[in-house]
Amino acid sequence: MPTDRLRIASYNVENLFSRPRAMKAGAPAATEILDAHAKVNALFEHEVYSTADKADIIEHLKVLDLLRNDGNPDTGFALLRRIRGKLLDRPRGGDVTVAADGRSDWVGWVDLTTDRIDAVAIENTARVFTEVAADIVGVVEAEDRATLHRFSDSLIRDTQGTPSYRHVMLIDGNDTRGIDVGVLSTDDYPLQSIRSHVDDDQDGNPVFSRDCPEYGFVFPEGSGLAGKPLVVLVNHFKSKGFGAQADNDKRRRRQATRVAEIYRRLRENNIDHIAVLGDFNDTPDSAPLQPLL
C-alpha cells in the first residue's frame, strides 16, 4: 500500500552463487592475476598481433599458468577457451610462441575460474534484504540478471510467501569478471525505463568500470509524489585494491565527474528526484569523489 515513505538501499552482494577464484588469492597475487586476465583479453582483440603484442600475450599467459595447458577448472585461476583456430605453438622441448598473427586467425578468450559461494552466506544475504525491506535496492557485484532473479525469487519473500521484489534488472557492464550492478524493486515501483552508460568513454577508454545505469521509476498512486519520476543511478567505482593507487584515484575522479554530469542533465530535464547509490570505494572527504559530492 503506497505511503509517503520510500526506502532506497544499496548492497554489495559480492557475487551471489559464484566468485572468481583469483579474488581469494590475496594481494599482490590477485592483483597480478586479474590484471593479466584483463590485459590478455584486450590484446586478443587486436586485428594484427605485433611482436610486442605476442611477447605480452606470452607474459600474461605465464602469470595465468596457461602457457603449457589451457587451465584446470578444479585448481587453476583461469581457463583458455579456444573455439576455432590456433593461438599457441607448444613444442615439447622448446619455448611456447604465439602462432596466431591476429584476431582473424583464431577465436577464443581467457575466462576466470569461479568457486561456489557457501549456501549459508547466500541465505544470510537474503536475510539482510528481508530485514531492510527497502522499496528499491541497488545491488553491486551480481553475476547476471538470471542469477539475481533466481536469488530474489527463491529467497526474498514476504510473510505470505510472495516474492518481495518482482522487478529485477541487471545490464552486463564492462567488468569481464561478472561483477555487475543492478536493481530490485517492489510492485509499487515497477521499472519504467533503463539507460546504460557502458559506452561512455574518455580518450578511447570506458569511464565506468562496470556501468552507471539510469533506472527510471514513477512514484505510485496514493503517495505524496504520485506520478512524478524517480531515477536511480547505481554505481560501483574503481576499487583501491588493484592497480596503481594514483591511476585508481584518477579513474574514480573521472567516474564521479561523469555521474555528476548525468545528474545535472537529469535535473535540466525536470527530474527532481534522483538517487545516486552503490559502492564508491572511497570516503566522503576524498579528492576523487569531490566532483560528485
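Mentor: Gladly! In the largest pocket, α1 gives the largest share of the lining, eight residues. The model is predicted, so local features need pLDDT of at least 70 and side-chain atom pairs pLDDT 80 or more, while totals for chains, interfaces and linings use all residues. Residues are numbered from 1 along each chain as its sequence is written, and side-chain values use heavy atoms, without hydrogens and water.

Trainee: What makes a residue part of the lining of a pocket?

Mentor: A lining residue has an atom within 4 Å of a pocket point; on a 1 Å grid over the protein atoms alone, a pocket is an open set with protein on both sides within 12 Å along at least five of seven lines. Here 38 residues line the largest pocket, with Asp-35, Ala-38, Ser-209, Lys-238 and Arg-251 nearest its centre.

Trainee: What makes 14 of the lining residues charged?

Mentor: Asp, Glu, Lys and Arg count as charged. The lining has 14 of these, beside nine nonpolar and 15 polar residues.

Trainee: Why are β11 and β14 called paired?

Mentor: Two strands (DSSP runs of E, at least two residues) pair if DSSP finds at least two bridges between them. β11 and β14 have three, in the antiparallel sense, so they count as paired. Arg-195 has Glu-214 in β14 as its bridge partner.

Notes
On a 1 Å grid over the protein atoms alone, a cavity is a set of points where a 1.4 Å probe fits but cannot get out, and a pocket is an open set with protein on both sides within 12 Å along at least five of seven lines; lining residues have an atom within 4 Å of a point. Helices (H or I, at least four residues) and strands (E, at least two) are DSSP runs, numbered from the N terminus.
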